[in-house]
Amino acid sequence: MPTPDETAAPQPLGRAEGAPSPDEGLAASSPGPAPSPLPAEFVRYAVALEAPELAWGHLNGRLTAADTGTLAFLRRCDLGPGPGAAFARVHARGTDPSPLAAVCREIVDGWTGRGGDAEDPRRVWDHLELSHRLFRGGSDGGETDERQLAAGRREFLLSRAASGRGMNWQDSSALLGTDRPEEIDAAFERGEELVGVAVIGLALTHPDATAILPRVARALDRALESSDPRLRHQGIVALAHTARLHGTVDRRCLDLLRRCPRGSEADDDLWAYVPRRRLPWWLWRHRLGERPRRWSRRIVRALFGARGDG
């Protein structure tokens, strides 16, 4: 499954299932075979789509009807009820071709002339096609391709994350669906109050622990440095979820966790889900030392209680 750092590109072929031909919607500007649709699981991590870009992608065969609905749902969740209204309209049409095409065409037509980087929706799909093709090894990734890939990534992912347009940073429930690590990085730079919630969301949704753990470490590091108990707890919860879902941890997170109070959710889930040989001695000592300490306290209480009764 692709990760955000692997924004690579696609292969032209047919038209998306359930999508109208370019002659029925917005015609593709170049001749030749229509491009094959891109998988939603690639697109969701590679860019932060705007509504007219999603709509254009379906009308011009870049997305199947099913994947259009999936991405619309995910973006609606990212943005919440207000900012995500256009995505909610697309998702509500399901996969019925005619209603879906109609609302997509309406969204694209309504955006024309408003300016912004979604003014020409085709550009993001050119970037995604290049990105997907390189990811699949369909190109040698020459210098020109690499420059285009980097420019597209800056424009359609990093700059949108930096400006806060990728997620609704006022809505905790939206942030629990965060699945692009770049959103977390940008939020730390902006000093977002709810960044810890987004780190938990990343731990719950992202398929690659190597993308999650550095952001968990950043949350724990900042929390310990600023003595912020809420952010520290959020980082610990995110680490616990990562251990439970991926069965792994890294050295940096363990070093930071050692500086936190023992008996946390992360202590428990690391012990339960990560191979014991990968866990540090201090966690072994804590876990194995609990039982003898409990029994010794019971024995002491029993002895002193018995003497007191006598």
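This is a predicted model: local features need pLDDT of at least 70, side-chain atom pairs count only at pLDDT 80 or more; totals for chains, interfaces and linings use all residues.
Let me start with helix α3 and helix α4 (residues 85-92), which pack with their axes 8 Å apart and at an angle of about 150 degrees, where axes are lines fitted to C-alpha atoms, for helices over the stretch in contact, and angles run from 0 to 180 degrees between N-to-C directions. That angle makes α3 roughly antiparallel to α4, because angles over 145 degrees count as roughly antiparallel and those under 35 as roughly parallel. Helices here are DSSP runs of H or I with at least four residues, numbered from the N terminus. The crossing of α3 and α4 is left-handed, in the sense that the near helix is turned anticlockwise from the far one by less than a right angle.

Residues are numbered from 1 along each chain as its sequence is written, and side-chain values use heavy atoms, with hydrogens and water left out.

Which residues of α3 and α4 meet? On the α3 side they are T68, G69, A72, F73, R75, R76 and L79, and on the α4 side F87, A88, V90 and H91, with contact meaning heavy atoms within 4.5 Å. By class, this contact of α3 with α4 has six nonpolar, three polar and two charged residues, where Ala, Val, Leu, Ile, Met, Phe, Trp, Tyr, Cys and Pro count as nonpolar, Asp, Glu, Lys and Arg as charged, and the others, Gly among them, as polar.

α3 also takes part in the lining of the largest cavity, to which it gives four residues, the largest share. A cavity is a set of points on a 1 Å grid over the protein atoms alone where a 1.4 Å probe fits but cannot get out, and lining residues have an atom within 4 Å of a point. The lining consists of V43, R44, V47, L49, L71, L74, R75, D78, D179 and R180, and the elements giving two or more residues to it are α1 (40-46) and α3 (65-79). By class, that lining has five nonpolar, no polar and five charged residues.

Finally, helix α9 (residues 181-190) and helix α11 (residues 209-226) have axes that come within 10 Å and cross at roughly 20 degrees, which makes α9 roughly parallel to α11. α9 passes α11 in a left-handed crossing, and the contact is made by P181, I184, D185, F188 and E189 of α9 with A211, R215, R218, A219 and R222 of α11.

Note on methods:
On a 1 Å grid over the protein atoms alone, a cavity is a set of points where a 1.4 Å probe fits but cannot get out, and a pocket is an open set with protein on both sides within 12 Å along at least five of seven lines; lining residues have an atom within 4 Å of a point. Angles under 35 degrees count as roughly parallel, over 145 as roughly antiparallel, 65 to 115 as roughly perpendicular and the rest as oblique.
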